[in-house]
Structures are given as structure tokens and as C-alpha cells.
Amino acid sequence: VVATPIAELEATAAASRDGGRAGAAAILAARHLGRRAGLVGQLRWDSGRYANGTLASGEDRPLLRGVLTGSLGLTSRLSLLGELAGERRRDAGHASRGLVRLTFALPRGFWAAASLSRMLREAAPDTTEVLVTLSMALPGRATAEVHGATGSGPAAEYRQASVTRSLPPGPGVGYRFAARTGDGAIVDAELRGQDRYARAEVLHHELDPWTGARTSYTSAQVASGLVLLGGRIHPTRPVEGSYALVQLEDAPGVRVLLQGQEMGRTDARGDLLVTGLQPYLGNRIAIRDSDLPIDFRVDEVERVVAPRQRGGSVERFRVARQLAVSGRLVLDVDGREVPPEWGEIAVEVPGRRAASPVGHDGAFWLEGIPPGTHDALIRWEGRLCRFAFEVPPGAAGIVDLGRVRCVQLL
């Protein structure tokens, strides 16, 4: 995949061997998606004996297939889509299809669409279809649709109603319920759900549900996976595409987002395996810093990663539990204890300098001080003083040093 300023280009090649018969296939695609217009084209070639998991080398297949789709936003509410497709099959000859579709956004979350399609086939009669659709957005990312179609050819006269909720990228539930009357009457029910460890689905399909010729089948499936990454085995739902292990040290329960969609929360060790990343493309991974405790330092909340196909990476976000040291300073000046108000206190720690102004009555606050013994230097009205303090191992939150006497140097 190559991204250019004009379009995204993609090339794919494959080879197969089935029962001693060799085959090959290739795909070339280009995509240009602009703010008001888009154009997508794809050309696929299969040899006469190419095979994969669902296509045996002896079966009929398109030897050459091309699709060109264009979209245009005519107004803020009206859009136009056109599509041309053609294929040359090994055994069944050639076929072509043209489609024009108008979509209009109505108030209150309604959409209306009308399309006209024409299919020409060498081995079957030509068909024409007119389809009208009314859609409505429902709460919880669900959509209700009503379709009506008429035209020539088999299964051309029908009415259909459906309610659909897509399965989210992260943990959640999706479903689809549809009923169709007329030619090719069906009833479909699909229920899918997933969490960070597995994905499950139940499907039910009925043909001719309104007649005595009714037939049906039901299927159920549960799938999971294991990924070895970052020195640990991570149970996960099925891995599709690429993945990344997000690590937030000692930060459980933090939400992780992929392209703005919640993918789950970090476990007790601060880890979450995120699946479904697009290989070789930029994937935006972010964390909800509002889920972190108040004593955590946050250096970054988002990064872009581009893993290889079916590969993964370890993404350690720069967040850490932060210690704060507070107290109240006093300084001996001509036999009197004076707070060095509005001075500055500084401590040298590995890799940086922690500094803070001294407040009213000598109060100070230093963040990011690691455990150990430290020397603090105070500057106040041309004077210098210092004191030593210790942060015990395992300390968390705020370490209050209480009243601290500063020894004057100058």
C-alpha cells in the first residue's frame, strides 16, 4: 500500500497449489476520497486454476473483474453515487452491472435513498431493479431500514424491514434482525458479542418463512486467540489484521482508544492488547488520561503506529506514578527564624532539575522526586541555603517533610 498526495494505491499478489495444479491472482486498486467527491477503482485477475480456502481450482470464477465507484456531494444533504462493474468468468461468460444511487438526508436522523441498477449477463436474462430505502438512526448506534424493490428478473419484487446495530471495534454487542416478503422471502436473526478475550455469535436463517416450504438453519460460534508479545501470553478475541500491546505501568482500568473508538481497559498490570489495526497504515492509539490517578505524571496521551501485516508492537506510554514532596522552610537570619517567602527551591534529580517557588510562610511543593536522599538548594534575596531530605522506598502520593530548617551558605 502506497499513499500519495492524490490517491492511495494498493497492489496484492497471491499464488496457490491445489492437487498439483498451480494458480495465481493479483489485485490493483486506487482510492481517492476527498471532502465532497471520491473515486475508488479495483481490478482483479485470477488464473483459471487459482485456489484458496473457499475456492477450489476446478470451480468457475471470474478471470477478470473490475469495479469503478464514484461519489459526489451535490449539497449538504444530497449525494450521488455511481458504480460500474464487469467480469469475465471462466465458464459462465461475461456480466456487467451499472448502478446510480441518490441519497437525501432528512431532519431528525432520517435518510431516504433511491437507486436504479441494470445487470447484463451472457448466460441469463438481463435484469433491471428500482430500490427505495428509508432509514432512521436509533439510540445506541442502531439503524432501522425499510426497503421496497421492483423490476424484472427473479426475486425482483420484495419488501424488507430490518434493525441493525454494528458490532463495535472494542467490547460490546451487535445484532441484525430482518424480515423480507415477496420473491425470496426470508427471516434473518444475527446476534454477536465480544469482550477482550473472545467473540461469540448466533445466526438464524429461514427461507420461505410464510409458507409450508419453510426451511431454516441455526449456527453458533465462539472464537478466541492467544498472542505472545512483551514476554507474556495474552488471551484475546480473534486477531484480524495487526495488533499492539499498550502498556501503562501500574495503571489499571485506563480506557484505550483506537481511531477514537474505545477498545477496552488496561488490566491489573496496566496492559491491554489492542487488535484490529490496519497493517502498514497509521493507526491512532490514545489513552484516557482522566482515568489515571491524580498522582500520575502524563507525558503523552496519543501516538500513531503502523505495524506490519499480522504483526504487533509494544507501545509503552510515558506515564508514571508521581511523588510530590511538600514542607515549610525556615532560615536563620540574625538569630531570627524567617521563612524565605517568594524565593526558589531546586533539586537535581536524574535527567532533569525539579524547581518550584517558595510560597507564603515558606511553603514549598516539588513534583517528580524519586525515592532516595536528595539535596535542595534555596535562593532568597541574594542568600543561598540548603538542606537534605529523604524520600523512603515505596512512598506514594505526597511526602510531607513538615517544618524544615535551611542551613545558610552565603
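1. A strand here is a DSSP run of E with at least two residues, and strands are numbered from the N terminus. Arg 383 is found in one of them, strand 32. Please keep in mind that this is a predicted model.

2. Stay with Arg 383 for a moment. Is Arg 383 buried or partly exposed? Its relative accessibility is 25%. Buried means under 20% and exposed means over 50%, so Arg 383 counts as partly exposed. The C-alpha atoms of Arg 383 and Pro 340 are separated by 9.5 Å. Along the chain, these two residues are 43 apart.

3. The C-alpha atoms of Gly 362 and Pro 340 are separated by 5.5 Å. Along the chain they are 22 residues apart. Where does Gly 362 lie? It lies in the loop between strand 29 and strand 30. Gly 362 has 0% relative accessibility, so it counts as buried.

4. Now look at strand 29 itself. Strand 28 covers residues 344–349, and strand 29 covers residues 352–357. In which sense do strand 28 and strand 29 pair? The pairing is antiparallel and runs over 6 bridges. Across it, Glu 348 stands opposite Arg 353 in strand 29. The two strands form a hairpin, with 2 residues between them. Gly 351 sits in the turn and has a positive phi of about 85 degrees.

5. Next, the aromatic rings. A pair of aromatic rings is described by the distance of the centres and the angle of the planes. How many aromatic pairs does a search of the whole structure find? It finds 3. One of them joins Phe 364 and Phe 387, at 6.1 Å centre to centre and 55 degrees between the planes. That pair is tilted. It links distant parts of the chain, 23 residues apart. Phe 364 is in strand 30 (residues 363–367), and Phe 387 is in strand 32 (residues 383–391).

6. Check the burial of both rings' residues. Phe 364 has a relative accessible area of 5%, so it is buried. Phe 387 comes to 8% and so counts as buried. Phe 389 belongs in the picture too: ring pairs link Phe 364, Phe 387 and Phe 389 into a cluster.

7. Two arginines lie over ring faces. Arg 180 lies over the face of Tyr 158, at 3.7 Å from the ring centre. Arg 303 does this with Phe 317, at 4.7 Å from the ring centre.

8. The largest cavity holds about 40 Å³ of space. Which residues line the largest cavity? They are Arg 196, Thr 236, Arg 237, Met 263, Leu 272, Leu 273, Val 274 and Thr 275. By class, this lining has 4 nonpolar, 2 polar and 2 charged residues. Strand 20 (residues 271–277) gives the most to it, with 4 residues.

9. The largest pocket has a volume of about 320 Å³. Its lining has 18 residues, and the closest to its centre are Pro 169, Glu 240, Thr 275, Gly 276 and Leu 277. By class, the lining of the pocket has 8 nonpolar, 7 polar and 3 charged residues. Which strand gives the most to the lining of the largest pocket? Strand 20 does, with 3 residues. Strand 20 also gives the most to the lining of the largest cavity.

Conventions: Residues are numbered from 1 along each chain as its sequence is written. This is a predicted model: local features need pLDDT of at least 70, side-chain atom pairs count only at pLDDT 80 or more; totals for chains, interfaces and linings use all residues. Side-chain values use heavy atoms; hydrogens and water are left out. On a 1 Å grid over the protein atoms alone, a cavity is a set of points where a 1.4 Å probe fits but cannot get out, and a pocket is an open set with protein on both sides within 12 Å along at least five of seven lines; lining residues have an atom within 4 Å of a point. Grid points are joined across faces, edges and corners, and a volume is the space filled by probe spheres set on the points. Ala, Val, Leu, Ile, Met, Phe, Trp, Tyr, Cys and Pro count as nonpolar, Asp, Glu, Lys and Arg as charged, and the others, Gly among them, as polar. Rings of Phe, Tyr and Trp (its six-membered ring) pair if their centres lie within 6.5 Å; planes under 30 degrees apart count as stacked, over 60 as edge-to-face and the rest as tilted. Buried means under 20% relative accessible area, exposed over 50%, partly exposed in between (1.4 Å probe, protein chains only). A charge sits over a ring if NZ of Lys or CZ of Arg is within 6 Å of the ring centre and within 35 degrees of the ring normal. Two strands pair if DSSP finds at least two bridges between them.
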